[in-house]
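Reader: I have a structure to go through with you. Please keep the answers brief.

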Amino acid sequence: MDVPIPDIQPADREQYKTIFTRLNPKNGYLPGAELRKTLQKSNLQDFQLGRLWELSDVDKDGSLDLEEFMLMMHLIKFVKAGGEIPLKLPDNILPRKSVISPSVSLSSIESDRKTSVPDTGYSWVVDNVSLDRSRTNFVKLEPTGTGRIPGNVLKSYFLALCPDQSALIAVWNLSDTANQGSLSLEEFALAEWLIENRVKKGLPLPDKLLPNMIPPSCSPSSSQSSAPLKPPALPPRGMSPGGVLGPSIELMQYLQNPVLAPLAQELINLEKEKHEQLRAIEEKKAKQSRLAVDNERANLEIRQATVSARVAEEEATSAGVRLDQLEMEIRRFEDKIAQVQAECLKQSKEIEELGKSIRQNGQDVQQKQQDLKRAENELSQLMREEKTLEQKLNECREQLLNSELSSQEARLVEELNQ
């Protein structure tokens with residue numbers, strides 16, 4: 001049972017809006033080429049990102065506006081959480097601009113579909129305008145109207161559209177759904193669409209065709225009565241009505257003639273052999289193209305390795321010069337350190353002399369302190385002696401006074417007695 005895709009939450013919308021702003025959109029849009037590296041950081045496979053891009057790029061302009069970018073980020077988050085990629089967008093996450101305006105006539109849309117692409121029950125990536133343009137180019141490249149254009153005829157045309165041969169090989173492998181070495185109109189239109197909407201816009205090509213990329217005539221959903229689109233032309237002589245090499249109508253008639261039957265059979269065999277040789281030639285050319293691409297890639301890697309070696313050599317030379325400069329700096333610092341050490345030694349000696357002087361002064365101070373203490377003791381002794389003497393003096397004075405008073409009293413008494 002498929003897990004439904006939840007709505008985009010407001011917090012996620014703000015986060016996606018912040019990321020969109022940081023990517024510096026141009027006129028409100030982020031081109032696919034600029035988004036490619038950012039999207040690949042999700043670690044999803046290229047075919048998954050391609051399918052999610054098809055769902056998110058609603059207007060098919062190869063760029064994402066804010067609403068489409070939010071949708072893309074939301075789908076990536078959903079798939080990374082284990083969800084399945086939907087065949088179409090559910091209504092709850094459809095961008096507002098994808099809703100058809102009521103003023104658009106549905107009948108006109110239906111009539112346009114009937115005049116261009118058969119109704120196969122799904123929407124093909126190649127729209128009607130692109131299909132008409134491809135039909136015009138198809139007729140110009142194959143005016144005889146065989147119904148298919150071989151690869152050797154298309155090679156120069158596709159190289160003019162996209163010089164990247166490795167990308168063209170991938171486009172061809174996806175477009176040649178019948179593996180015939182040639183393209184029908186639908187396959188040709190698909191190849192042009194892949195070049196214009198994927199390769200030129202820097203978007204990754206899928207490993208295999210997505211369901212909406214399969215041409216209508218090859219889609220499993222197409223009915224038996226749905227015929228593949230072909231340019232309006234009749235098959236030439238010597239070709240089968242489907243445009244594939246095989247017994248023509250005339251040769252089939254000759255087989256009924258007993259006289260011409262051996263010759264007709266030989267011609268049929270020659271046509272088959274020619275067809276097989278053409279296919280072998282195309283395969284060899286494709287292989288040569290791949291080898292040329294591999295060779296060019298190897299040459300590019302060799303040139304890159306040469307440039308890297310030169311850069312490494314220049315860096316080594318620069319490193320040697322820098323090493324010499326560092327050695328000179330080291331010697332200069334060593335000399336300066338020696339000078340500082342000598343100065344430190346001198347200062348140490350001076351400090352030692354000062355220490356000795358301080359210790360000597362300390363001894364002198366101690367001696368003087370002892371002398372001072374001794375003098376203080378002597379002074380204290382003298383002061384005690386002075387106090388004692390003062391006491392004695394006072395006693396003597398008192399005794400003397402008492403003696404004088406006694407003498408005076410004695411005289412007075414004596415005088416009174418007389």
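Reader: In which helix is the place of Glu192?

Author: This is a predicted model. In that model, the place of Glu192 is helix H9.

Reader: Which side chain of opposite charge is nearest to Glu192, and how far away is it?

Author: Glu192 is buried, yet has no salt bridge. A salt bridge would need a side-chain nitrogen of Lys or Arg within 4 Å of a carboxyl oxygen. The nearest side chain of opposite charge lies at 5.5 Å, and that side chain is Arg133.

Reader: Leaving aside neighbours within four places in sequence, which residues is Glu192 in contact with?

Author: Sequence neighbours within four places are set aside here. Contact means heavy atoms within 4.5 Å. The residues in contact with Glu192 are then Ser134, Asn137, Tyr157 and Phe158.

Reader: How many residues of H9 are buried?

Author: H9 has 15 residues. The helix is largely enclosed by the rest of the structure, because the buried ones number 13 of the 15.

Reader: What is the reach of H9 from its first C-alpha to its last?

Author: At 1.5 Å a residue, 21 Å is expected for H9. The model comes close to that, with a reach of 20 Å.

Reader: Why is helix H3 described as largely enclosed by the rest of the structure?

Author: H3 covers residues 46–56, eleven in number. Among its buried residues are Arg51, Trp53 and Glu54. H3 is largely enclosed because the buried count is nine of the eleven.

Reader: Which helices and which strand are included in what covers the buried residues of H3?

Author: The cover includes one strand, E2 (63–64). It also includes the helices H2 (32–40), H4 (66–80) and H9 (185–199).

Reader: Is Ser63 buried or exposed?

Author: Ser63 is found in strand E2. Buried means under 20% relative accessible area. Ser63 has 14% relative accessibility, so it counts as buried.

Reader: Which residues is Ser63 in contact with, leaving aside its neighbours within four places in sequence?

Author: One of the contacts is Trp53, a buried residue of H3.

Reader: What separates the C-alpha atoms of Ser63 and Gly28?

Author: Along the chain, Ser63 and Gly28 are 35 residues apart. Their C-alpha atoms are separated by 9.7 Å.

Reader: What share of the residues in the protein is buried?

Author: The protein has eleven helices and four strands. It has 418 residues, and the buried share is 28%.

Methods
Residues are numbered from 1 along each chain as its sequence is written. This is a predicted model: local features need pLDDT of at least 70, side-chain atom pairs count only at pLDDT 80 or more; totals for chains, interfaces and linings use all residues. Side-chain values use heavy atoms; hydrogens and water are left out. Buried means under 20% relative accessible area, exposed over 50%, partly exposed in between (1.4 Å probe, protein chains only). Helices (H or I, at least four residues) and strands (E, at least two) are DSSP runs, numbered from the N terminus. The expected span of a helix is 1.5 Å times one less than its number of residues. Lys and Arg count as positive and Asp and Glu as negative; His and the chain ends are not counted.
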